[in-house]
Amino acid sequence: LSAFRQRDCSSNMENDVILMFHQQLFLISENLVTDDVAALKFLCTDLLHLSKLEGVKSAADIFKLLMAQEYLNAEDPFLLAELLYRIKCHSLLEKLGYTKEKVQELLREKGRISPYRQMLYELSENITNEMLKEIIFLLQNHLPKRRITLSALDLLTLLEKQGLLTRDNVQILEDVCVTVSPDLLETIDCYKKAKGEKKMRLSVVRMQILLKYRNLEGCLHSALLKCTKGGVYCSLVSRKGLQWMEFFISTQAFFFSFLQNMKSYKMDGPHRGFCLIINNVNFNRSQRKGSCKDAEQLERVFTWLGLDVRTYTDLTSGDIINLMQTWQHVQDHKDRNCFICCILSHGASGAIYGTDDKLVSIRMLVSHFTAKQCPQLAAKPKLFFIQACQGNNIQRPVCVDTDGQTPDLYSEQERVSLFESIPEEADFLLGMATVEGYVSFRHIEEGAWYIQALCSKLQLLVPRGEDILSILTEVNEDVAGRVSPSGTKKQMPQPAYTLTRKFIFPIPIAPPPS
């Protein structure tokens, strides 16, 4: 009788857990709108039969299908957490006991949504209504003759049904994107490169098995590694008859790994490093409108890259110096791989302004982190990004602001070479928004040209394994191509550095924040 009661009690507890889980699913379903349901249907296409998904009317219907296929249960609701994360419904994650950060940690191990499906969904999110109309026009010969209203997800699903779009053939998407918006190709390119990496790994495993099976390891004479931008070419030379076994591996991921081991700064520690953001907005006679947009974007991007970000707003010249002195003596630097500091303010040649309209030398700020002044960061990369004017020849077109003080706030400053602003010792990089003597531009709503380009290129090129100097070259190209609304003002950023190795951010598991 006692055993029966125990089983009965256990059964009641299980029923309570299941009931609570169903209640959670109901609450989540109630908070998802029609577009969310459409997104969930699309992301589940590889998991559930299409005929069953066509009958779905609500998120609850999808949850029932997932539970019926044992993809989702009270003991392991991670698939639903991943789906909510993918469609950016982060506030609903807490109903499942997850946070955005926790989901990001578990994606590599437990993620079920394929890279192909992720790529298509991301592409659909970036297709505007105008783009969609152009794409439908270009593909009209492949679409039903009857007039129907298609969303981007509907269009992609239709192309898949017709066999025109598969995980191994995305040519039709590339063709229309080239015409409609070449920027969309970036998403497709990332998918194709990641897919190529997977194939490369399988090829390497097969080659290792072949070598072992034929017992050729003992007779290898040498392994020649020739690194190129696109990949690694390996020639294995056999002693017996100098028989050549050659294979070409074309993948940036493999190249990234090779660079990390051979000639890059160490970036594989448990803690990436600290990132300081100084955002000076309110001055005595002016306000740097749009700067908060820059600060928020920098925080999102560097957090995504694994840094511990700290933001400080409206610092006087004395506050800035005190802050540098404080961080100079932080002992936790010794457990970090790097240090990054972003300063958004008004500026003059070789200096930036505090909110009290007093100048602070950039060289003096940077020198707090030399090996002598901050031994915890010795031999580690220190990156400084400065969004500030470096001259006072100012004109203000409509909707574009500059990051230099008005001429009557300071006397003509002696020009300081950019290379005089960084210490003479190694391992520093100083990224300036503009060349010496010139203003830098900031849109009063969208933010500074330089910072927005920097954040955009980091999100695009870090997943491709590009080093920081290559990324900053792309930033230069982006900013140099922009013009002010008047059509008469341009800007050219300029990096200066004493880095001794390549600086390459490890590729984050999570997708870019925007």
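Ala351 stands opposite Ser361 in E9. The strands E8 and E9 pair in the antiparallel sense over three bridges; two strands count as paired if DSSP finds at least two bridges between them. Helices (H or I, at least four residues) and strands (E, at least two) are DSSP runs, numbered from the N terminus. This is a predicted model, with local features needing pLDDT of at least 70 and side-chain atom pairs counted only at pLDDT 80 or more, while totals for chains, interfaces and linings use all residues. Residues are numbered from 1 along each chain as its sequence is written, and side-chain values use heavy atoms, with hydrogens and water left out.

E8 and E9 belong to an open sheet of three strands, in the order E7-E8-E9 with antiparallel pairing. Its edge strands, E7 (347-348) and E9, each pair on one side only.

Now for the loop between E8 (351-353) and E9 (359-361), where Thr355 lies. Thr355 is buried, with a relative accessible area of 10%; buried means under 20% relative accessible area and exposed over 50%, with partly exposed in between (1.4 Å probe, protein chains only). Its side chain reaches the backbone nitrogen of Thr316 at 3.5 Å. Leaving aside neighbours within four places in sequence, Thr355 is in contact (heavy atoms within 4.5 Å) with residues including Asn280, Phe283, Asp314 and Thr316.

Then there's an open sheet of six strands, ordered E5-E4-E6-E10-E12-E15 with mixed pairing. E5 and E15 are the edge strands, each pairing on one side only. From one strand to the next, the twist averages 10 degrees. E4 and E5 pair in the parallel sense over six bridges, and Cys275 has Val309 in E5 as its bridge partner.

Two helices pack on this sheet. Angles run from 0 to 180 degrees between N-to-C directions, and axes are lines fitted to C-alpha atoms, for helices over the stretch in contact.

| Helix | Strands touched | Angle |
|---|---|---|
| H17 (residues 468-480) | E10, E12 and E15 | about 160 degrees with E15 |

Last up is helix H6 (residues 100-110), where Val103, Leu106 and Leu107 are buried. Seen down the axis of H6, the buried residues fall within an arc of 135 degrees, so they line one face of the helix; the arc is that of the directions from the helix axis to the C-beta atoms. These buried residues pack against helix H5 (78-86). On the other side of H6, Glu105, Arg108 and Glu109 are exposed.

Note on methods: A polar contact is a pair of N or O atoms within 3.5 Å; within protein, one must be able to donate a hydrogen and the other to accept it, and residues adjacent in sequence count only if both atoms are side-chain atoms.
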